[in-house]
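Keep the viewer open and follow along section by section.

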Amino acid sequence: MSTEGSESVTRRGFMRAATGTAAAAGAAGTAAAESQEGSGGGGGSQEVLVGPGGSLVFEPAELTIAPGTTVNWVWESDNHNIVVSSQPEAASWQGTDGPPSKTYNTGHEYSHTFQATGTYEYYCQPHETAGMTASITVQEGGASSGGGGPAIPSSAKTLGIATTAALVFTLGLAYFFMKYGGDYGQVE
């Protein structure tokens, strides 16, 4: 048998390359996910929508976070504010600037970093009677409410899906070469 000027890819060599590629992709995916999990040392950040779709609610209305987490409120409709109704004794949260009658409109953003553990309750002054109230619970090891575990960034999810698809493709190709061989065009 002669294979002049061409190198044959062996099944063993192909499997080594496929395994190395899969390991590198897995390591890259893990590193990317870890780098996105909130590198601030505190609890990261959470977002609360104010009046989403013109509704008279804060979304989410109940939030559980760890100390050091920054909550960012984003106004999605007009004439809303944040008035603090109760908070832990060690806290000094003031809500949005100005008197309780001062409101803000679509596009406004307000942030506060919560340090003291306990429950914080707040409301929108013009819409309190309509039920526009919410609460934040700050606790050690706090998790985002609404789910059982930590929030996973969407870019990490996308990377995980892409890595899984690449692994499935690689394994399918490896199966094909293992079953049918890869030494085509050899002169006997």
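A residue is called buried when its relative accessible area is under 20%, exposed when over 50%, and partly exposed in between (1.4 Å probe, protein chains only).

## About the model

This is a predicted model, in which local features need pLDDT of at least 70, side-chain atom pairs count only at pLDDT 80 or more, and totals for chains, interfaces and linings use all residues. Residues are numbered from 1 along each chain as its sequence is written, and side-chain values use heavy atoms, with hydrogens and water left out.

The predictor's confidence in each residue is its pLDDT, from 0 to 100. Its mean over the chain is 81, and 72% of the residues reach 70 or more. Please take care with residues 144–148, where the pLDDT is below 50.

## Strands and sheets

Helices (H or I, at least four residues) and strands (E, at least two) are DSSP runs, numbered from the N terminus. Two strands count as paired if DSSP finds at least two bridges between them. Four strands form an open sheet in the order β2-β1-β4-β6, with mixed pairing. Its edges are β2 (58–59) and β6 (109–114), each of which pairs on one side only. Strand β4 (residues 69–75) runs antiparallel to β6, joined to it by 6 bridges; Thr70, for instance, has Thr113 in β6 as its bridge partner.

Elsewhere, β5 (residues 83–86) and β7 (residues 118–123) make an antiparallel pair over 3 bridges, with Val83 opposite Tyr123. Strand β7 also pairs with β8 (residues 133–138), again in the antiparallel sense, over 6 bridges. There, Gly118 has Val138 in β8 as its bridge partner.

## The annotated binding site

Which residues carry the "binding site" feature in UniProt? The unreviewed entry names His80, Cys124, His127 and Met132. UniProt positions are given in the numbering used here, feature names are shortened, and annotations may be inferred rather than shown by experiment. These residues are spread over 53 residues of sequence, yet they cluster in space, with a largest C-alpha distance of 9.5 Å.

His80 sits in the loop between β4 and β5 and is buried, at 1% relative accessibility. Contact here means heavy atoms within 4.5 Å. Beyond four places in sequence, His80 has contacts that include Trp75, Cys124, His127 and Met132. His127 belongs to the loop between β7 and β8 and is also buried, with a relative accessible area of 16%.

## Aromatic pairs

Rings of Phe, Tyr and Trp (its six-membered ring) pair if their centres lie within 6.5 Å; planes under 30 degrees apart count as stacked, over 60 as edge-to-face and the rest as tilted. The whole structure holds 10 aromatic pairs. The ring centres of Trp93 and Tyr120 are 6.1 Å apart and the planes lie at 70°, so this pair is edge-to-face. Trp93 is in the loop between β5 and β6, while Tyr120 is in strand β7, 27 residues apart.

Trp93 counts as buried at 2% relative accessibility, and Tyr120 is buried with a relative accessible area of 2%. Ring pairs link Phe58, Trp73, Trp93, Tyr110, Phe114, Tyr120 and Tyr122 into a cluster.
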